[in-house]
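Reader: Could we go through this model together? I would like to ask about some of its side chains and helices.

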Amino acid sequence: IGQQFTQNVLGYDTLLAAAVVVPSAVCTAVFGQIAGRLVAARGSRVSFVLGLSSVALAFAVMLFAWRDGAAIGWVLLAYALVGTGVGLAATPASRSLMSSVPPARGGMGSAFLDLTRDFGGAIMQALMGTLLAFAYAQQMRGDLASLPSSEAAQVSSDASAQLVSSYEGAAAVARDYPAHADTIVTAAAEACSHGKSLAIGVALVLTLGGLLLVVLRYPRKDDEEAYYERVAAEQTATAS
């Protein structure tokens with residue numbers, strides 16, 4: 001969604017659209033190291049809360065600040081916050097799962113960890129992509145329906161289908177209708193921004209839900225360590 005927004009709405013070229021994502025990777029690496037120290041000192045709960053809070057803040061920036069003509073600083077800030085949140089949250093997530101299974105089943109725990117991330121990521125990408133496409137199509141259909149009959153008659157059924165299908169389809173139609181190109185591209189950009197907001201809004205709600213679960217249910221450091229010790233003791237007793 002970020003790549004589509006930066007290229008289609010903000011007009012970034014391919015290189016710049018890729019470059020603005022770099023802060024996410026850098027912050028993930030840096031804050032992943034910080035998370036390790038934080039988990040050791042304060043427990044996983046603190047790092048989890050800070051990480052999910054950072055991701056939620058990133059989605060809030062995308063939701064409210066990512067508009068047509070938005071400054072590049074807002075784009076960089078959102079990606080940096082995403083990377084910060086992933087670095088702070090992924091480390092305690094990995095530790096929590098791997099420490100909750102006996103060492104003899106470490107391979108099973110690692111496989112399950114990969115499954116949760118890959119499967120969860122696939123579901124969320126599919127959900128957000130569907131929301132983006134749905135909201136885009138709905139707005140473009142509304143724009144077409146609001147055209148005066150004299151203008152609507154000039155738009156063929158094939159062109160209408162292209163306009164509704166995607167931003168790229170609308171851009172192709174704009175090339176075929178040069179007299180209305182600016183209007184078509186502007187409408188497509190607005191529809192794309194609307195779809196982005198719907199998808200990001202859902203992601204923000206889900207992230208806040210995860211944050212609430214961690215705040216209410218995740219154990220503090222002493223209880224967390226006691227649980228890991230019980231797991232290790234049970235494994236030792238079983239082995240003997």
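Reader: Arg95, then: buried or exposed, or in between?

Author: This is a predicted model, and in it Arg95 is partly exposed, with a relative accessible area of 27%.

Reader: Which residue meets Arg95 at 3.3 Å, N to O?

Author: That is Glu224, whose side chain meets Arg95 in a salt bridge. Arg95 belongs to helix α5 (residues 72-99) and Glu224 to helix α11 (residues 221-239), so the bridge links distant parts of the chain, 129 residues apart. Glu224 counts as buried because its relative accessibility is 1%, and the cut-off for buried is under 20%.

Reader: How many salt bridges does the structure hold?

Author: The structure holds two. In the other, Glu225 pairs with Arg95, and the closest N and O atoms are 2.7 Å apart. Since Glu225 lies in helix α11 and Arg95 in helix α5, this pair ties together parts that are 130 residues apart in sequence.

Reader: And Glu225 itself, buried or partly exposed?

Author: Glu225 is partly exposed, its relative accessible area being 23%. Arg95, Glu224 and Glu225 are linked in a network of salt bridges.

Reader: What about Ser96, where is its place?

Author: Ser96 is in helix α5. With a relative accessible area of 11%, Ser96 is buried.

Reader: Leaving aside neighbours within four places in sequence, what is Ser96 in contact with?

Author: Ser96 is then in contact with Ser44, Phe48, Tyr218, Glu224 and Tyr228.

Reader: Changing topic to the helices: at what angle do α1 and α10 cross?

Author: Helix α1 (residues 2-9) and helix α10 (residues 181-217) cross at roughly 160 degrees, and their axes come within 10 Å. Angles over 145 degrees count as roughly antiparallel, which means that α1 is roughly antiparallel to α10.

Reader: Left-handed or right-handed, that crossing of α1 and α10?

Author: The crossing of α1 and α10 is left-handed.

Reader: Which residues of α1 and α10 meet?

Author: From α1 there are Phe5, Asn8 and Val9, and from α10 there are Ala189, Cys192, Ser193 and Lys196. By class, the contact of α1 with α10 has four nonpolar, two polar and one charged residues.

Methods: Residues are numbered from 1 along each chain as its sequence is written. This is a predicted model: local features need pLDDT of at least 70, side-chain atom pairs count only at pLDDT 80 or more; totals for chains, interfaces and linings use all residues. Side-chain values use heavy atoms; hydrogens and water are left out. Axes are lines fitted to C-alpha atoms, for helices over the stretch in contact, and angles run from 0 to 180 degrees between N-to-C directions. Helices (H or I, at least four residues) and strands (E, at least two) are DSSP runs, numbered from the N terminus. Angles under 35 degrees count as roughly parallel, over 145 as roughly antiparallel, 65 to 115 as roughly perpendicular and the rest as oblique. A crossing is left-handed if the near helix is turned anticlockwise from the far one by less than a right angle, and right-handed if clockwise. Contact means heavy atoms within 4.5 Å. Ala, Val, Leu, Ile, Met, Phe, Trp, Tyr, Cys and Pro count as nonpolar, Asp, Glu, Lys and Arg as charged, and the others, Gly among them, as polar. A salt bridge is a side-chain nitrogen of Lys or Arg within 4 Å of a carboxyl oxygen of Asp or Glu. Buried means under 20% relative accessible area, exposed over 50%, partly exposed in between (1.4 Å probe, protein chains only).
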